Amino acid sequence: NQALSQVFNYLQKHIPVDAMGLGYINSEATRIQVIAKVAQKESRYIWVGEGDEIMLPEEAVKFMRTLPPDFPTVFAINSPEQQHPSMREVYPGIASNSAIFLRLEVHGGLAGVLLISAQGLNRYSTKHTHLLETVREPFAIAMANARRYREVERMKDLLTEDNRALTADIKRIAATEVVGADFGLRDVMEMVRQIAPSNSPALLLGETGTGKEVI
């Protein structure tokens, strides 16, 4: 978000822009995960909802999956008629805003999109799209790094959860099993088995850490 804000402030000097978002497309092309966004005060994003996940309707998914190889990597939408019908539900703000879509590719595959928008129609020209085309590669690298970072964070959370579950299992086992019961503590455990069925109180003696609570 901090990096995108800096880019946003810079682009405002050269391109009409009220809002900006960077998002990656999942492998099934069924949703766009917004990883960073910035907007001027009182400006709204043109995509549906205000959350960080954009679900694509079935028709939009079909459109995304069938994009031809020569589909432009950067293109402007200056009026609702220029937007593909399947995408109008995803980007309802197109009805009153102009937008530029910069498709980001990593290793030849579609990874995500950089989207900038400005209030009003017919705000963008070929000059603006050419300018954004020059920053497509660094944005694609930033997108790839962001995806890797999120994957590392996800794996870290899974590892933490697995570790927590393993620790709980160890504690549960330790509470029900006595290490050395069949060896060095055999005589002690024999006394335990004799006394355990009785309702009479028993006094356990031993230094701290010898396992009295377990017994």
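This report walks through a predicted model of one protein chain, from its overall build to single residues.

## Overall build

The chain holds five helices and six strands. Read from the N terminus, the elements follow the order α-β-β-β-α-β-β-β-α-α-α. The radius of gyration is 30 Å, well over the 17 Å that the globule rule gives for 215 residues, so the chain is more spread out than a compact globule. The C-alpha trace spans about 90 × 35 × 30 Å along its principal axes.

Glu 190 and Pro 16 are 174 residues apart in sequence, and their C-alpha atoms are 84 Å apart in space. Lys 212 and Ile 116 are 96 residues apart in sequence, with 67 Å from C-alpha to C-alpha.

## Surface, contacts and charge

How much of the chain is buried? Of the 215 residues, 33% count as buried. The accessible surface comes to about 14000 Å². Carbon and sulfur atoms make up 55% of that surface.

Residues 24 or more positions apart account for 60% of them. As for charge, the chain has 23 positive and 26 negative charges.

Ala 76 sits in strand 4. Its relative accessibility is 24%, so Ala 76 counts as partly exposed: the value falls between the 20% limit for buried and the 50% limit for exposed. Which residues does Ala 76 touch, beyond those up to four places away in sequence? They are Gln 82, Ala 99, Ile 100, Tyr 124 and Thr 129. Phe 101 is 25 residues from Ala 76 along the chain, yet the two C-alpha atoms are separated by 6.4 Å.

Ser 79 is in the loop between strand 4 (74-77) and strand 5. Is Ser 79 buried or exposed? Ser 79 is buried, because its relative accessible area of 13% is under 20%. Leaving aside neighbours within four places in sequence, Ser 79 is in contact with Ile 94 and Leu 121.

Strand 5 covers residues 97-106, and Arg 103 is part of it. Arg 103 has a relative accessible area of 11%, so this residue is buried. What does its side chain reach? The side chain of Arg 103 comes to 3.4 Å from the backbone oxygen of Phe 71.

## Two residues with positive phi

Most residues other than glycine have a negative phi. Glu 42 has a positive one, near 70°. Where is Glu 42? Glu 42 lies in the loop between strand 2 (31-39) and strand 3 (53-55). Its relative accessible area is 78%, so Glu 42 is exposed.

Asn 122 has a positive phi too, near 55°. This residue belongs to the loop between strand 6 (109-119) and helix 3 (126-133). Asn 122 is exposed because its relative accessible area, 59%, is over 50%.

## Helix 5 and the segment after it

Helix 5 runs over residues 186-195 and includes Glu 190. Glu 190 has a relative accessibility of 38%, so it counts as partly exposed.

Lys 212 is in the segment after helix 5. At 33% relative accessibility, Lys 212 counts as partly exposed. Not counting residues up to four places away in sequence, Lys 212 touches Leu 204, Leu 205, Gly 206 and Glu 207. Which backbone oxygens lie by polar atoms of the side chain of Lys 212? The backbone oxygen of Gly 206 is one of them, at 3.0 Å. The backbone oxygen of Glu 207 is another, at 3.2 Å.

Key: Residues are numbered from 1 along each chain as its sequence is written. This is a predicted model: local features need pLDDT of at least 70, side-chain atom pairs count only at pLDDT 80 or more; totals for chains, interfaces and linings use all residues. Side-chain values use heavy atoms; hydrogens and water are left out. Helices (H or I, at least four residues) and strands (E, at least two) are DSSP runs, numbered from the N terminus. Buried means under 20% relative accessible area, exposed over 50%, partly exposed in between (1.4 Å probe, protein chains only). A polar contact is a pair of N or O atoms within 3.5 Å; within protein, one must be able to donate a hydrogen and the other to accept it, and residues adjacent in sequence count only if both atoms are side-chain atoms. The radius of gyration is taken over C-alpha atoms; the globule rule is 2.2 Å times the number of residues to the power 0.38. Contact means heavy atoms within 4.5 Å. Accessible areas come from the Shrake-Rupley method with a 1.4 Å probe; for residues, only the protein chains shown count as cover. Lys and Arg count as positive and Asp and Glu as negative; His and the chain ends are not counted. The place of a charge is taken as NZ of Lys, CZ of Arg, CG of Asp or CD of Glu.
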